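Work through the exercises below with the model open. Try each task before reading its solution.

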Amino acid sequence: MGIWAALVWIVVGVLMSTAARAIFLRVTRAARRGEDALTGLPTRGAGQSVLDALRAGDAVAMIDLDGLKDTNDTLGHAAGDGELVALAQHLASGIRRGDTIARWGGDEFVVVLRAGGDAGADVIDRLRSSSPVGFSAGMAVHRDGSGTETLAEADAALLAAKRAGGSQVVAA
């Protein structure tokens, strides 16, 4: 190997480590802010505090991106990430003032709709029907108990929506 080839390998190594460092710093800064690095939404930890403060009548929607595994397998993870970002932006721009959205993990999002009830179901159904990517949702209205219990009800309703073929909203 000549001197020029060795220098090229050194420069490539430095550039790659610089890019990796930049990605690491971006992810670390986002985590400190309680933000998901990919979507910019609050993370599960930040969303949990909203669940802990639920009031009677608030609604919780658990949303799952339909077909993400197929997208990742056929088009690659960059395409899957693009779908996640598109859904996150669509949901964030379509919720009402005072409502909250968080990326729960993987391809799941949680939306807390203040004084949700039927109006909350209408918001989620409108978002689903106008979404650039398909998603399923389960909804539950908080009555009493913990927000975690209400989330579990929404999650069970989401599972029912997925079992029924997806791309729909099911209420608990």
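A contact means heavy atoms within 4.5 Å. Among contacts in the protein chain between residues at least 6 apart in sequence, 65% join residues at least 24 apart. The model is predicted, so local features need pLDDT of at least 70 and side-chain atom pairs count only at pLDDT 80 or more, while totals for chains, interfaces and linings use all residues. Residues are numbered from 1 along each chain as its sequence is written, and side-chain values use heavy atoms, with hydrogens and water left out.

**Exercise 1. List the elements of the protein chain in order.**

Solution. Helices (H or I, at least four residues) and strands (E, at least two) are DSSP runs, numbered from the N terminus. The protein chain has six helices and five strands. Read from the N terminus, their order is α-α-β-α-α-β-β-α-β-α-β.

**Exercise 2. Check the span of helix H4 and find which residues of H4 are buried and which are exposed.**

Solution. Step one is the span. The expected value is 1.5 Å times one less than the number of residues. For the 18 residues of H4 (residues 77-94) this gives 26 Å, and the end C-alpha atoms are 26 Å apart, which agrees.

Step two is burial. Buried means under 20% relative accessible area, exposed over 50%, and partly exposed in between (1.4 Å probe, protein chains only). The buried residues of H4 are Gly80, Leu84, Leu87, Ala88, His90, Leu91 and Gly94. Seen down the axis of H4, these buried residues fall within an arc of 165 degrees, so they line one face of the helix. The arc is taken from the directions from the helix axis to the C-beta atoms. An α-helix has 3.6 residues a turn, so residues three or four places apart point the same way. On the other side of H4, Ala78, Gln89 and Ser93 are exposed.

Step three is the packing. Strand E1 (59-65), helix H3 (68-75) and helix H5 (117-130) are among the elements that the buried residues of H4 pack against.

**Exercise 3. Repeat the analysis for helix H6.**

Solution. The 17 residues of H6 (residues 147-163) should span 24 Å at 1.5 Å a residue, and the end C-alpha atoms are 24 Å apart, which agrees. Buried in H6 are Gly147, Thr150, Leu151, Ala154, Ala157, Leu158 and Ala161. They cover an arc of only 120 degrees around the axis, which puts them on the same side of H6. Their cover includes helix H2 (44-52) and strand E5 (169-171). After H6 comes Gly165, with a positive phi near 115 degrees.

**Exercise 4. What lines the largest cavity, and what lines the largest pocket?**

Solution. On a 1 Å grid over the protein atoms alone, a cavity is a set of points where a 1.4 Å probe fits but cannot get out; a pocket is an open set with protein on both sides within 12 Å along at least five of seven lines; lining residues have an atom within 4 Å of a point. Grid points are joined across faces, edges and corners, and a volume is the space filled by probe spheres set on the points.

The largest cavity holds about 40 Å³. Its lining is Gly47, Val50, Thr100, Ile101, Ala102, Trp104, Val110 and Val112. E2 gives the most to this lining, with four residues.

The largest pocket has a volume of about 180 Å³. It is lined by 13 residues, and Met139, Ala140, Val141, Arg143 and Ala172 lie nearest its centre. H5, E4 and H6 each supply at least two residues of the pocket lining.
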